[in-house]
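Please look over the sequence and the structure shown here before reading on.

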Amino acid sequence: MLRKLSLVLMLFTFSAQVFANVAPAKTPKPAKKPASIDTQLSIRLDRDAKEARLLIPRSQLKALRAELESFDDGSADTAASVSIAGISRIQTIVSGVFISLAFVFAGVWFTRSGKFSSTAGKVVAGCVVVFAAGAFATIVYGNAGPPPEARSITGKMFTQGVHDYGVGSGKIKLEISDEETYPKLIVPNQKDETKPADE
Amino acid sequence: MQEIRTGRFELTSAHVFLVAFVAACAVAAVLIGSFPLQLSIVTIFLFAGPHNLMEFRYFAARMPLRWGRSRLYYSVAIGGVVVLTVSYLTLYFASGNWLWSLQSWQVFGSVWNTAFILWVGLLFYLRGKQRRRDWSIAFAAAFLLAGLAWIVPQYWSLSLVYLHPFIAMWFLERQIRRTRPDWLRAYHYCLASIPLFLIALWFAVSGQPDLSEETNLFWRIGQHAGSEIFPSISSYLLVATHVFLESIHYFVWLLLIPLIDKRALPWKLSDVPMFANANGIPKVFVAFLVFSVFVTVALWFGFAADYTTTRDIYFAFAIGHVLAEFPFLVKML
């Protein structure tokens with residue numbers, strides 16, 4: 001009996017030492033992602049502007065403030081808060097599923113109703129397809145205007161001088177705007193007045 | 001032999017109705033355009049409770065005692081109203097819950113919107129089946145709307161605020177078709193005049209600055225009309241538009257529908273199946289009616305004591321009457 005008790009005691013003693021050396025469970029540390037919202041920045045060269053101005057839409061400022069508040073609270077749900085232009089991934093997925101279902105149900109209804117078999121139905125369906133294709137083409141070609149350098153904010157926008165230094169700085173005014181949809185950077189682009197008039 | 005006929009203008013009740021409607025809209029547009037905040041407060045104080053009472057009375061008169069072939073339709077309708085109202089109130093009053101982040105709350109809101117849209121789509125489908133027609137296109141429309149409600153939930157919620165008054169106008173149109181078809185053409189002219197009044201109202205108030213947000217009440221009124229969703233549009237214009245449409249909707253429920261349908265007169269209980277029929281439930285009906293009158297009076301006292309809080313509570317519970325309108329409207333199609 002005494003031997004059994006000693007054995008159990010030994011087991012407890014050693015197991016305590018063994019478990020004491022087990023590395024603590026790795027709890028994933030929440031990555032402190034800076035509060036941000038995805039948006040677009042447009043840069044406009046303005047001949048009339050006297051100073052550089054950065055216009056921030058009030059709606060996006062509110063979104064950023066909400067993001068900051070939820071970040072401060074630690075309640076930011078990263079899966080849902082990953083958003084493009086204020087639309088989260090969940091919203092995009094569910095919305096896409098529903099719109100797809102809408103097309104499927106409309107198609108089934110249209111086929112079942114027999115409207116497609118009549119001449120008028122074929123004409124209407126043809127018109128819808130042509131209209132949709134035209135609208136799509138308009139969107140595609142309508143956006144094909146500016147050159148690639150003007151469609152994304154990359155180093156190609158800047159002159160060799162800026163590239164040589166790798167940095168450019170200057171005074172800027174931060175403003176809140178009710179009119180703008182996206183942030184806009186207005187850059188003064190006045191004519192060089194030092195140039196001779198006869199040039 | 002030639003017969004000469006002279007067309008003589010004869011003043012009918014439809015003409016009187018048209019002139020009265022247009023004149024009332026003109027007076028309302030001028031008053032609301034001049035004092036949108038004040039009229040918002042006054043109209044809700046005066047008409048919010050009574051118009052709910054009139055709606056309840058109207059729906060009670062239309063509710064059959066025996067559902068027969070409509071059993072499934074009414075079961076889905078009443079079940080939907082109860083479940084959606086309870087879930088809406090849960091979402092509304094739990095929105096400050098520390099367990100729910102902003103994103104969670106938005107997702108729950110979108111789920112509620114989806115359930116509501118699909119419920120209305122189902123009602124259309126069931127009504128189509130009753131009429132032996134294929135109205136399954138309602139599902140396609142419902143899914144499309146659900147998609148939009150997920151992608152732009154804030155616009156969806158606001159659109160409900162602005163579309164609600166038009167539901168009353170649609171009810172009136174269906175009722176006129178049934179009981180006063182000779183007024184239908186005049187009513188269509190009335191409906192056509194509403195966009196003109198709105199354009200005139202927008203033209204008149206477009207240059208006005210934003211309304212004051214110095215008190216919580218003023219801010220809530222502006223927010224309800226969409227001032228936070230459309231920050232670039234003057235809140236003066238938004239509130240004026242909302243109050244104008246809401247006023248027409250009160251006008252329809254309180255005055256025009258009882259005028260068109262004698263069964264909707266509050267004191268004429270002999271036409272209410274639940275009350276007058278031998279198999280009816282008169283005691284339950286009277287209890288509901290007395291309770292509704294009590295709530296209406298209590299709302300007036302509440303508004304007088306604390307307008308802002310009562311307004312918030314009223315608009316939360318008002319979702320019940322908004323939802324109850326759909327089954328009866330779809331049933332009239």
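Helices (H or I, at least four residues) and strands (E, at least two) are DSSP runs, numbered from the N terminus. From the N terminus on, the elements of chain B read α-α-α-α-α-α-α-α-α-α-α-α-α, which comes to 13 helices and 0 strands. This is a predicted model, in which local features need pLDDT of at least 70 and side-chain atom pairs count only at pLDDT 80 or more, while totals for chains, interfaces and linings use all residues. Residues are numbered from 1 along each chain as its sequence is written, and chains are lettered from A and ligands numbered from 1 in the order in which they are written.

**The two chains in outline**

- Chain A holds 6 helices and 6 strands, and along its sequence they follow the pattern α-β-β-α-α-β-β-α-α-α-β-β.
- A residue is buried if 20 or more other C-beta atoms, placed from the backbone, lie within 10 Å of its own, exposed if 12 or fewer do, and partly exposed in between; 5% of the 199 residues of chain A count as buried, and 30% of the 333 residues of chain B do.
- Two residues are in contact if their C-beta atoms, placed from the backbone, lie within 7 Å; of the contacts with a separation of 6 or more, residues 24 or more positions apart account for 81% in chain A and for 76% in chain B.

**The sheet in chain A**

- Two strands pair if DSSP finds at least two bridges between them, and an open sheet of 4 strands in chain A has the order β1-β6-β2-β5, with mixed pairing.
- The edges of this sheet are β1 (42-46) and β5 (173-177) of chain A, each of which has a single partner strand, so one side of each is left without a neighbour in the sheet.
- From one strand to the next, the twist averages 25°, where angles run from 0 to 180 degrees between N-to-C directions and axes are lines fitted to C-alpha atoms, for helices over the stretch in contact.

**The cores and a helix pair in chain B**

- A nonpolar core is a set of buried Ala, Val, Leu, Ile, Met, Phe, Trp, Tyr and Cys residues joined through C-beta atoms within 7 Å, and the largest has 39 residues, with Leu172(B), Val239(B) and Phe244(B) among those with the most contacts inside it.
- The element that gives the most to this core is α9(B), with 15 residues.
- Apart from its neighbours within four places in sequence, Phe244(B) is in contact with Ala28(B), Ala29(B), Ile32(B) and Leu201(B).
- A second, separate core has 26 residues, including Ala77(B), Phe116(B), Ile117(B) and Val322(B).
- The axes of α7(B) and α9(B) come within 10 Å and cross at roughly 155°.
- These two helices, α7(B) and α9(B), are therefore roughly antiparallel to each other, given that angles under 35 degrees count as roughly parallel, over 145 as roughly antiparallel, 65 to 115 as roughly perpendicular and the rest as oblique.
- Where α7(B) and α9(B) meet, the residues of α7(B) include Leu198(B) and Trp202(B), and those of α9(B) include Tyr236(B) and Ala240(B).
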